[in-house]
Amino acid sequence: MRLDKLLANEGFGSRKEVKKLIKNGSVEVNGEKAKDVSTHVDPYESEVIVNGELIDYREFIYIMLNKPKGIVSATHDAKDRCVTDLLDPYYHKFHLFPVGRLDKDTEGLILLTNDGELAHQLTSPKKKVDKVYEATIKGRVSDHEVQAFENGVTLDDGYETKPASLYIEKVAGDFSWVQITIQEGKFHQIKRMFKAVNKEVRYLKRLKIGTLELDEALELGEYRELLDEELALLKE
Ligand code: URA
């Protein structure tokens, strides 16, 4: 990789600004002052130092975040705080984005990455990746809804949902606690599925995306990078 590209990727400014840094002698490569912007560096092996700061090159980043209510799963928003605003400024240079979306009032697992290929693998309906949610429902959920979700329900826009599995954890009074697994990600899908069977989602939290499970040690708003084994499983 060219030195100017590496430094621009690392957040040292535009190619023009980076050129200036190199020309004024602020950049060292393997112990020598770099003179040329087109110097070839191995981003993983070369020792690149800018104004005394050692560059720790990383291409892809994978973060799991426990999204709280009130935060939108986007990278920019005119009025609301975004999931990327919860990250340490260190992560800003990686241009991370959320994989799939959760509604503003939904909590739970969000994967943030800059790996477009993995994001596609996890969100494309063709790949049939399970997304598991827990929900509190206003109304008494029964085998009737389990069967309806298994068969597919018709949403308010006429869309027929693909088979989804519903597991009833508890029903008490006029409320139900359920787990639901879907492989699609239509707008407000779970809320609209329950609406289609005359029930209402009062609380929704995503627990899993494929093999990736929300680390319950993460408080709302907290995050951590994926472990190597979590990433390896997710990519399988
Ligand atoms: N389904 C919804 O209705 N909302 C979400 O945030 C995710 C799935």
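Select domain 2 (62–125 + 212–235) and domain 3 (130–209) of this predicted model; their C-alpha centres are 23 Å apart. To the contact between the two, domain 2 contributes 20 residues and domain 3 contributes 15 residues.

Next, display the surface between domain 2 and domain 3. About 1,400 Å² is buried there, with carbon and sulfur atoms giving 43% of that area. On the domain 2 side, pick Arg101, Asp103 and Glu107: these residues lose the most area to domain 3, and together they account for 30% of what that side buries.

Between domain 2 and domain 3 the count of salt bridges is three.

Now turn to the largest pocket. Where does the largest pocket lie? Its lining takes residues from both domain 2 and domain 3, so the pocket is situated between them. The space inside amounts to about 410 Å³.

To find the centre of the pocket, select Arg101, Tyr133, Glu184, Gly185 and Lys186, which lie nearest to it among the 23 lining residues.

Finally, colour the lining by element and by residue class. Helices α3 (116–123) and α5 (189–196) and strands β8 (131–138) and β11 (200–209) each provide at least two lining residues. By class, the lining comprises nine nonpolar, seven polar and seven charged residues.

Notes: Residues numbered from 1 in each chain as written. Predicted model: local features only at pLDDT ≥ 70, side-chain atom pairs only at ≥ 80, totals over all residues. Heavy atoms only, no water. 1 Å grid on protein atoms, 1.4 Å probe; cavity = no way out; pocket = protein on both sides within 12 Å on 5 of 7 lines; lining within 4 Å. Points joined across faces, edges and corners; volume = space filled by probe spheres on them. Helix = DSSP H or I, 4+ residues; strand = E, 2+ residues; numbered from the N terminus. Nonpolar A, V, L, I, M, F, W, Y, C, P; charged D, E, K, R; others polar. Domains from an automatic or database assignment. Contact = heavy atoms within 4.5 Å. Buried area = accessible area lost by both parts, 1.4 Å probe. Salt bridge = Lys/Arg side-chain N within 4 Å of Asp/Glu carboxyl O.
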